[in-house]
Amino acid sequence: MTRRVAAVDCGTNSLRLLVADVDAAAGTSVELERTMEVVRLGQGVDRTGVFAPEALQRTFSALDRAAELVRRHDVEPAAVRFVATSASRDVANRDEFAAGVLSRLGVLPDVVTGEEEAALGFAGATRELGGAGGPFLVVDLGGGSTELVLGERDVESARSLDVGSVRLTERHLHDDPPTPAQVAAARADVEAALAGSDVPLARTRTLVGVAGSITTITAAALDLAQYVPGALHGVRLPVAQVRDACDRLLRATRAERAALPFVHPGRVDVIGAGALVWRAVLERVEAEAGITEVVTSEHDLLDGIAFDLAGNG
């Protein structure tokens with residue numbers, strides 16, 4: 001049975017909405033809306049431990065627009081879920097955030113654990129891939145954290161790493177472009193996080209990257225003239241080609257990144273750190289599992305939330 005659902009993903013960097021008619025049993029989904037706004041909710045959270053007032057205002061303004069779309073499509077309240085991820089796990093003023101979400105959307109934010117986030121992202125990214133090519137390693141590279149999740153049809157191992165594009169930029173990459181010492185310090189954080197993960201990367205047969213940083217890097221690898229939503233879904237590229245794109249983005253100045261037609265303005269200052277994280281993951285998985293190509297998926301956490309909502313209706 002088809003159910004109309006609304007999924008909202010509020011992460012460290014962006015607020016995203018998916019409204020869709022989903023048949024969980026059949027595994028089908030018809031998109032009605034898919035939107036993304038860069039809100040930088042996690043601004044300064046790594047340093048202060050609280051949401052900044054201006055970050056909350058940006059997020060609430062974007063949520064007002066998302067809530068209007070939810071109402072326009074007549075989504076029943078029980079079919080709406082607002083998932084808050086990395087930044088919202090770390091702050092002292094979560095109550096203020098929760099009250100703002102409730103007043104605008106009619107539901108409280110569901111602050112999921114990193115492992116829950118990974119499982120939902122895995123479901124969204126692999127649903128249409130089937131069992132062929134597994135085990136899959138799905139990497140969701142966000143602003144505050146990076147999720148690694150391995151499995152065939154179901155999750156077998158997952159870990160959330162506290163390294164993401166916003167967190168590493170604020171912590172280390174202060175110059176334009178970043179100095180070799182800053183890059184080395186950021187890289188050390190990523191390597192330490194990967195070393196502390198117990199996900200068996202060597203079992204990977206298909207590496208799948210999701211989320212905005214990875215789609216942006218894929219667009220760079222393809223040297224796209226513009227980014228068209230959906231155009232990168234399912235693209236397979238050699239690992240070496242993607243690594244080269246990561247290097248170019250990390251070395252580029254802010255002005256050079258801003259001039260790239262496929263880089264969203266809200267990612268200009270953090271995509272270098274995202275590229276650093278993705279390159280480190282690619283190298284580690286290539287070394288341990290021998291993979292030679294990577295798949296980009298534009299279906300991710302949002303799709304996982306939507307199918308979960310439809311299946312529990």
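Visitor: How many of the eleven residues of helix α8 (residues 212-222) are buried?
Guide: This is a predicted model, in which local features need pLDDT of at least 70, side-chain atom pairs count only at pLDDT 80 or more, and totals for chains, interfaces and linings use all residues. Residues are numbered from 1 along each chain as its sequence is written, while side-chain values rest on heavy atoms, with hydrogens and water left out. Helices (H or I, at least four residues) and strands (E, at least two) are DSSP runs numbered from the N terminus, and buried means under 20% relative accessible area, exposed over 50%, and partly exposed in between (1.4 Å probe, protein chains only). Helix α8 is largely enclosed by the rest of the structure, because its buried residues number ten.

Visitor: Which residue follows α8?
Guide: The buried residues of α8 include G212, I217 and A221. After the helix comes a residue with a positive phi, near 55°, namely D223.

Visitor: Is T59 buried or exposed?
Guide: T59 lies in helix α2 (residues 53-72). Neighbours within four places in sequence aside, T59 is in contact (heavy atoms within 4.5 Å) with C10, L15, V39, L41 and F97. Because its relative accessibility is 1%, T59 counts as buried.

Visitor: Which residue's backbone oxygen does the side chain of T59 reach?
Guide: A polar contact is a pair of N or O atoms within 3.5 Å; within protein, one must be able to donate a hydrogen and the other to accept it, and residues adjacent in sequence count only if both atoms are side-chain atoms. At 2.9 Å, the side chain of T59 reaches the backbone oxygen of A55.

Visitor: How many residues apart are R34 and D303?
Guide: The side chains of R34 and D303 meet in a salt bridge at 2.7 Å, N to O, the term meaning a side-chain nitrogen of Lys or Arg within 4 Å of a carboxyl oxygen of Asp or Glu. This pair links distant parts of the chain, with R34 in strand β3 (residues 28-38), D303 in helix α12 (residues 301-311), and a separation of 269 residues.

Visitor: What separates E68 and R71 along helix α2?
Guide: E68 forms a salt bridge with R71, the closest N and O atoms being 3.4 Å apart. Because E68 and R71 are three residues apart in helix α2, the separation is about one helical turn.
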